[in-house]
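Please open the model in a viewer and keep the sequence panel beside it.

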Amino acid sequence: MYVAVKGGEAAIANAHRLLADRRRGDRSVPALRVDQIVEQLALGIDRVMAEGSLYDRELAALAVVQSRGDLIEAIFLVRAYRTTLPRFGYTRPIDTAAMQVERRVSATYKDLPGGQLLGPTFDYTHRLLDPQLAGDPEVVEPEQREADGQRMTRVSEILAHEGLIEADGELPEDHLTGDITREPLEFPLARDSRLQALSRGDEGFLLALGYSTQRGYGRSHPFVGEVRIGEVELELDVPELPFPITLGRIRVTECQMVNQFKGSAKAPPQFTRGYGLVFGQSERKAMAMSLCDRALRAGELGEDVTAPAQDEEFVISHSDNVQATGFVEHLKLPHYVDFQAELDLVRRMRSEHEKRNQTNETERREAAE
Amino acid sequence: MKMDRRQEREMEAQRKVAMAALAMAPGDELKRLCAAAGVIDEAELLRGPETGLVSVRGRIGGGGAPFNFGEATVTRATVRLPSGEIGHAYALGRDKQKARLSAIADALWQNPERRADIEDKIIAPLRAAQAQADATSRAETAATKVDFFTMVRGED
């Protein structure tokens, strides 16, 4: 028998009204403006854009306000919004070598062309809370120095001259670039689709998996060949114009992970690579992504697949936090009928169990007598 | 004939640069410059302004096979001037007024009599501001460049 239960409309409406009130909080405190969030919580916005998989700072900021700062909820809102818009096309691939660089460091080459540019980094700060920021202290303008205009060669190009590092990842010429927002996931994935999933994957999940490879679960001997952050131009081919039109610039973070590799039946000893590319200033995410990309290439490189981070279906199926939160959080929604059925089942099993115990007990006693 | 094609290419290259400057312009600044340049909005809208998405592509390893790594909002518009020129605009973001003005500026740019005016009063200031902002950003980044020095120890 199936019984539909209705009700709760008033409770839901009032709950949402209460949510709106609590979201706004104390009315004597000025409301946050979207531009304040864009400017001052920029890295939180970058995370919402990266995992929401939509580059639009104001929308991401709006989502953060609406979600009371719950970033996964904000990511959910952004993902839902993007489904309402038509698709104009695919941009030309960005050229990270032509980036307007804001930060660029290499852990493998001290003196690489263009140098080590620290940019606006938390590295080397003492991680001491600064109580002065609770006020609005005067902040000095950044120092400036003449830029040398040197082209910032990607670190992979330096090692490539010696032939000791594998090339940038190529796919077969007849391969059509995958798009996981258009086709359902089917394992095994080509590396392009896998990178698309990783780029919008949950930072915490990928961070933990990347960390697990460092601790020995699928060890890959990684070095940060290079991390660079900055703005790249987007170009789109449109039928009405005879040239690719420039759409503007976006900020991205790119990580080239370089991994020592002792060789296998499929590949000679060399440096292999993992790649990370993420919206915004998201260094931790780009690094975690590149570690996961490399770990997931185990099969391709003829390594044993022994660790969770190397298991493509496991990693990619669980990397999307909107899917994950949807399935975990749905558990709190009414399951009354399911649970009633389970309750009946457990009662029946319990009574059978007790009956069996009684019988056993009787038999034991009789045997003893 | 060959000359014509070359001129055409040059013209296309210039138009691409002008459209890029419009696309990268802050909306408020573009509105101000258009008003100052006496751009009259008498264009007929042929399409939009409408907001949609582009799928953004990168390359594996930086230079390998392309892959999609996210989407971005883009707003576009197409207009026709009373004199017949058709102008297009595409830019990141959701600023519809900016898309409309950019399309009008693009249409005016195609009119040889108006081009110099649009270049001088709208495109040039936008490009100068962008170049200045880029130079400042590069100089600020350059100040964070690490200068390594070596400590010499011992006598030899």
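Two strands are said to pair if DSSP finds at least two bridges between them. Helices (H or I, at least four residues) and strands (E, at least two) are themselves DSSP runs, numbered from the N terminus. The model is predicted, so local features need pLDDT of at least 70 and side-chain atom pairs count only at pLDDT 80 or more, while totals for chains, interfaces and linings use all residues. Residues are numbered from 1 along each chain as its sequence is written, and chains are lettered from A and ligands numbered from 1 in the order in which they are written.

**Stop 1: chain A as a whole**

Select chain A, which holds 12 helices and 6 strands. Its C-alpha trace spans about 95 × 65 × 55 Å along the principal axes. The radius of gyration of chain A, taken over C-alpha atoms, is 27 Å, whereas a compact globule of 369 residues would have one near 21 Å (the globule rule is 2.2 Å times the number of residues to the power 0.38). Of the 369 residues in chain A, 36% are buried; a residue is buried if 20 or more other C-beta atoms, placed from the backbone, lie within 10 Å of its own, exposed if 12 or fewer, and partly exposed in between.

**Stop 2: the sheet of chain A**

Next, select β3, β4, β5 and β6 of chain A, 4 strands that form an open, antiparallel sheet in the order β3-β4-β5-β6. β3 and β6 of chain A stand at the edges with a single partner strand each, so one side of each has no neighbour in the sheet. On average, neighbouring strands of this sheet are turned by 20° against each other, direction ignored.

Within the sheet, β5(A) and β6(A) pair in the antiparallel sense over 10 bridges. For one position, display A:Val258, which stands opposite A:Arg273 in β6(A).

**Stop 3: where the chains meet**

Which strand of chain A gives the largest share of the side that touches chain B? The contact takes 67 residues from chain A and 48 residues from chain B, two residues being in contact if their C-beta atoms, placed from the backbone, lie within 7 Å. The largest share on the side of chain A, 8 residues, comes from β5(A).

Now select β1(A) together with strand β2 (residues 66-80) of chain B: these pair in the parallel sense over 2 bridges. The bridge partner of A:Tyr55 in β2(B) is B:Ala72.

**Stop 4**

B:Thr78 has B:His88 in β3(B) as its bridge partner. Strand β3 (residues 86-92) of chain B has 6 of its 7 residues buried, so it is largely enclosed by the rest of the structure.

Finally, select helix α3 (residues 96-110) of chain B, where 12 of the 15 residues are buried. Among them are B:Leu101, B:Ile104 and B:Trp109.

Key: Axes fitted to C-alpha atoms, helices over the stretch in contact; angles between N-to-C directions.
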